[in-house]
Amino acid sequence: MSERGYHHGDLRNALLAATTELVRERGARGFSVSEAARRVGVSSSAPYRHFPDRDAMLAAAALTGFLELEKRFTSMPVMQAFDDTAALIAIEYLRFAREDPARFEVMFAHGIDKTHHSDLLQQTFKVQERLEAALSRHLPPAETTRRAAELWSLAHGVTALAIGGNVQHVLPKTQITDLADSTARAWARGVT
């Protein structure tokens, strides 16, 4: 189909949806701009009106994921205890990734240098700020940034193992949420 035949009205978002779909099927490394264009029904040059290159398409899809993650953390209830806060963050992070593993993979795709995509970099800072805000009720200000990065790293590790199918040989799938919970609580106890 030629570009003139494209009638969706929002090529950019259609391409982002195709990007996520391709990542779901083939992984971030298997994604190509030409295949996304084909799926949307436009010429292989059409995506370049919206994105300068392949990495920019992946970065835009990643940005959408980080916006959604920030919303998720913004809507979390306020917990009174530090270990409850840490556990809730880890569990929500795992839940977010499990809802759409392709979205999660795009967010952390190898090869996307966030420093080359300022909007994506700024959005990752906003997610970090949400984590810091959740933990700031329980920590001295001088520790909040580092501790939020620690908890994010811990939650990401458990989540990446779970999404990649690398924990199921040790724990049944039904207990992976418990793993995120207990790991975050152990971290919180170690911090305090």
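**Helices, core and salt bridges of a predicted model**

D55 is partly exposed, with a relative accessible area of 29%; in the terms used here, buried means under 20% relative accessible area, exposed means over 50%, and partly exposed covers the values in between, with a 1.4 Å probe and protein chains only. The model is a predicted one, in which local features need pLDDT of at least 70 and side-chain atom pairs count only at pLDDT 80 or more, while totals for chains, interfaces and linings use all residues. Residues are numbered from 1 along each chain as its sequence is written, and side-chain values use heavy atoms, with hydrogens and water left out.

D55 belongs to helix α3, which spans residues 54–74. Helices (H or I, at least four residues) and strands (E, at least two) are DSSP runs, numbered from the N terminus. When neighbours within four places in sequence are set aside, D55 is in contact with G111 and H117, where contact means heavy atoms within 4.5 Å. Between D55 and T174 there are 119 residues in sequence and 35 Å in space, taken from C-alpha to C-alpha.

The largest nonpolar core has 63 residues, of which F31, F73, I89, L135, L151 and W187 touch the most other members. At least two residues of this core come from each of α1 (11–26), α2 (33–40), α3, α4 (82–99), α5 (101–107), α6 (118–136), α7 (141–163) and α8 (176–191). Helix α3 gives the most, with 11 residues. A nonpolar core is defined as a set of buried Ala, Val, Leu, Ile, Met, Phe, Trp, Tyr and Cys residues joined through side-chain atoms within 4.5 Å. In soluble globular proteins, nonpolar side chains tend to be buried together. For L151, the contacts beyond four places in sequence are A86, I89, L135, A184 and W187.

The structure holds 19 salt bridges, each being a side-chain nitrogen of Lys or Arg within 4 Å of a carboxyl oxygen of Asp or Glu. One of them joins R95 to E92, with the closest N and O atoms 2.3 Å apart. These two residues are separated by about one helical turn, because they are three residues apart in helix α4. R95 counts as partly exposed at 41% relative accessibility, whereas E92 counts as buried at 11%. Apart from residues up to four places away in sequence, E92 touches R72, F73 and M76. Of these, F73 is also among the core residues that touch the most other members.

R147 is buried, with a relative accessible area of 15%, while E143 is partly exposed, with a relative accessible area of 26%.

A salt bridge is also formed by E150 and R146, whose closest N and O atoms are 3.1 Å apart. Both residues lie in helix α7, again four residues apart and about one turn of the helix. At 26% relative accessibility, E150 is classed as partly exposed. Elsewhere, salt bridges that share partners join E21, E25, R26, E35, R38 and R39 into one network.
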